[in-house]
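Please look over the sequence and the structure, then follow the sections below.

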Amino acid sequence: MTDPNGQKDNPANPAQAPEPVVSKPYIMPDDPEEGSVEALTKEAAESRDKMLRTLAEMENLRKRTAREVADARVYGITGFARDVLDIADNLQRALDAVPADTRAAADPVLKALIEGVELTERSLLNTLEKNGVKKFDPSGEKFDPNFQQAMYEVPDASVPAGTVVQVVQAGYTIGERVLRPALVAVSKGGAKAGAAEPS
């Protein structure tokens, strides 16, 4: 072969051979490379950051799990409690079905039956309360849509507007939550709730 200058390549001619590649000088293992302290410091900082993030995630997971376990203990019976409320309502309806004058003039057998139903209702409500389910009756309170459901309005100027004047069905809470809102009748036509009355 010939190069562009017209000279032949001759591998035997050392003058024409390419220059040898010089490698990096050998560094003793005891001598760290330049910048290695910075590299190690950076790697240590990254590892520490990853470790701290992992610890924070584990702590958050532990707290979240503890909160979920506590909620499961308190609110785990929600479905069952809702079903039992129908029984409590039926016991109350049975008691309401007997007029007061009939109770007063009732024979001993009917009185015993009424007392038995009352005792059963009290026992059921006590059992519910032991398990975190509490009955509430908002009669006379200001209407709160978080705990009550308005069924209708009643014209009543003797109480401030927006006051619960009748409870159609009692409400229940479980823990901090509403299990069932109270069904209520709310007053209208009175003074605004919280307004100062003239003296």
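## Terms and basis

A residue is called buried when its relative accessible area is under 20%, exposed when it is over 50%, and partly exposed in between (1.4 Å probe, protein chains only). Helices (H or I, at least four residues) and strands (E, at least two) are DSSP runs, numbered from the N terminus.

The model is predicted: local features need pLDDT of at least 70, side-chain atom pairs count only at pLDDT 80 or more, and totals for chains, interfaces and linings use all residues. Residues are numbered from 1 along each chain as its sequence is written, and side-chain values use heavy atoms, with hydrogens and water left out.

## Overall architecture

The protein has four helices and six strands, and along the sequence these follow the pattern α-α-α-α-β-β-β-β-β-β. Of its 199 residues, 18% count as buried. The accessible surface, by the Shrake-Rupley method with a 1.4 Å probe, comes to about 15,400 Å², of which 56% belongs to carbon and sulfur atoms.

A contact means heavy atoms within 4.5 Å. Among contacts in the protein with a separation of 6 or more, 63% are accounted for by residues 24 or more positions apart.

## Helix H4

Helix H4 covers residues 108-130, 23 residues in total, and reaches 32 Å from its first C-alpha to its last. This is close to the expected 33 Å, a span taken as 1.5 Å times one less than the number of residues. Just after H4, Gly 132 takes a positive phi of about 90°.

The buried residues of H4 are Ile 114, Val 117, Glu 121, Leu 124 and Leu 128. Their cover includes helix H2 (78-96), helix H3 (100-104) and strand E1 (133-136).

Two strands pair if DSSP finds at least two bridges between them.

E4 and E5 run antiparallel and are joined by three bridges; the bridge partner of Ile 174 in E5 is Arg 177.

Another open sheet of three strands has the order E2-E6-E3, with mixed pairing. Strand E2 (148-155) and strand E3 (164-169) are its edges; each has a single partner strand, so one side of each lacks a neighbour in the sheet. The twist averages 30° from one strand to the next.

E3 and strand E6 (residues 182-188) run antiparallel, joined by four bridges. Gln 166 stands opposite Ala 185 in E6.

## Nonpolar cores

A nonpolar core is a set of buried Ala, Val, Leu, Ile, Met, Phe, Trp, Tyr and Cys residues joined through side-chain atoms within 4.5 Å. The largest has 15 residues, and those with the most contacts inside it include Leu 85, Leu 124, Leu 128 and Ile 174. H2, H4 and strand E4 (171-174) each give two or more residues to this core, and H2 gives the most, with six.

A second, separate core of five residues includes Phe 136, Val 164, Val 184 and Val 186.

Note on methods
Axes are lines fitted to C-alpha atoms, for helices over the stretch in contact, and angles run from 0 to 180 degrees between N-to-C directions.
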